[in-house]
Amino acid sequence: MEFPERMQLRRPIFLQEGDENLPLQDWCKALVWFGWWCRQYQMDGRRILAVVILPARRYASVFVGLGCLLAGATQFRGGFSWDDLQSLPPGTEIFWKTASHGVRYQGTILEGNDGIPGLVRVRITSTRRSSEVGSVWYFSPAKFAECLFSEECLPAEKGTAAIDNALRFHRDLGLETDPKWIWTAGAEGLIVTNQAGFREAVKGLNIAVGTQAPLPLGDVLCAAGIHDKCIAKLRLASSGRVSEHIHAPVTVLDGAAAWDQMSHVHTGNVVVLLERTEYTADVHNVLLEAAAYADEPPADIRLDIPGRFPPGVEASTFFLSER
């Protein structure tokens, strides 16, 4: 299977386990495409439901998540701006670090500007410079430009190295990813799965493009738990403990237990990953109902669908009105 032209992935991708380089197999490519396609096409009032049946799905959500990231990065525009900072209400938690020294801060937006228009007051609540905790910084547009801001917690040195690896993977692929994308709050996808199993699947695997040096797959995925404060581009939630409404451009329901969380997903597109033994009569009946209400896919979306899927991969897709 070849990636569609619009994915712009023209360089071969390899997985490395130990000393062995393995070309990305066709079923892996199909799953990367599903993640990319469902993240690429966000439609007002409508959503994509994609159900993928596989012989085994241990690594499936990993590759779907990777596809979500590649599509989200190419669609990114802007980043956290001065206007965004000014619009935050008092009491909002904000994170930043200085460009010159890389010192990380956490603070709270304060009300008012002490009579000086164009300033935003922030009280520091946490930093390794303990003497600064409790002090107030006054941000102007010039001071804002000297720092890196986010609405999610910025990583320490080790986490920053992982983010640099993720951006390098995009460069190796030939993608022109704006570095601000990875520092801007907001995930490209949410994976509802067995979190321990997900992390175990990624552990020890490296990924490489062409002849470039391999990178840890865990770094490239930029994943963190849904309740973690740290910045992440993929969020993970446990299959049996989703107690809140899910909001993400793409939600991946990985397995039968995750399928039961479908009622929590009210926005965005959905990718369901099931092994053949998990495709029950109940699942079949839900999909029959979905088919009865589904709309015809727009013509431009059909252009990016591969001509065939690899043996062992079966898929059904539906275009549904959000309700």
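Visitor: Is Arg-39 buried or exposed?
Guide: Arg-39 counts as buried because its relative accessibility is 12%; buried means under 20% relative accessible area, exposed over 50% and partly exposed in between, with a 1.4 Å probe and protein chains only. This is a predicted model, in which local features need pLDDT of at least 70, side-chain atom pairs count only at pLDDT 80 or more, and totals for chains, interfaces and linings use all residues. Residues are numbered from 1 along each chain as its sequence is written, and side-chain values use heavy atoms, leaving out hydrogens and water.

Visitor: Which side chain does Arg-39 meet in a salt bridge?
Guide: Arg-39 pairs with Glu-188 at 2.6 Å, N to O. A salt bridge is a side-chain nitrogen of Lys or Arg within 4 Å of a carboxyl oxygen of Asp or Glu.

Visitor: And Glu-188, buried or exposed?
Guide: Glu-188 counts as buried, since its relative accessibility is 6%.

Visitor: How many salt bridges are there?
Guide: The count comes to 11. Among them, Arg-57 and Glu-278 meet at 2.8 Å, N to O, and Arg-57, Asp-254 and Glu-278 are linked in a network. Glu-278 is buried, with a relative accessible area of 14%.

Visitor: Changing topic, which residues of helix 10 are buried?
Guide: Val-283, Leu-287 and Ala-290 are buried in helix 10. They cover an arc of only 55 degrees around the axis, so they lie on the same side of helix 10; the arc is that of the directions from the helix axis to the C-beta atoms. Helices are DSSP runs of H or I with at least four residues, and strands are runs of E with at least two, numbered from the N terminus.

Visitor: What does the face turned away carry?
Guide: That face of helix 10 carries the exposed residues Ala-281, Asp-282 and Ala-292.
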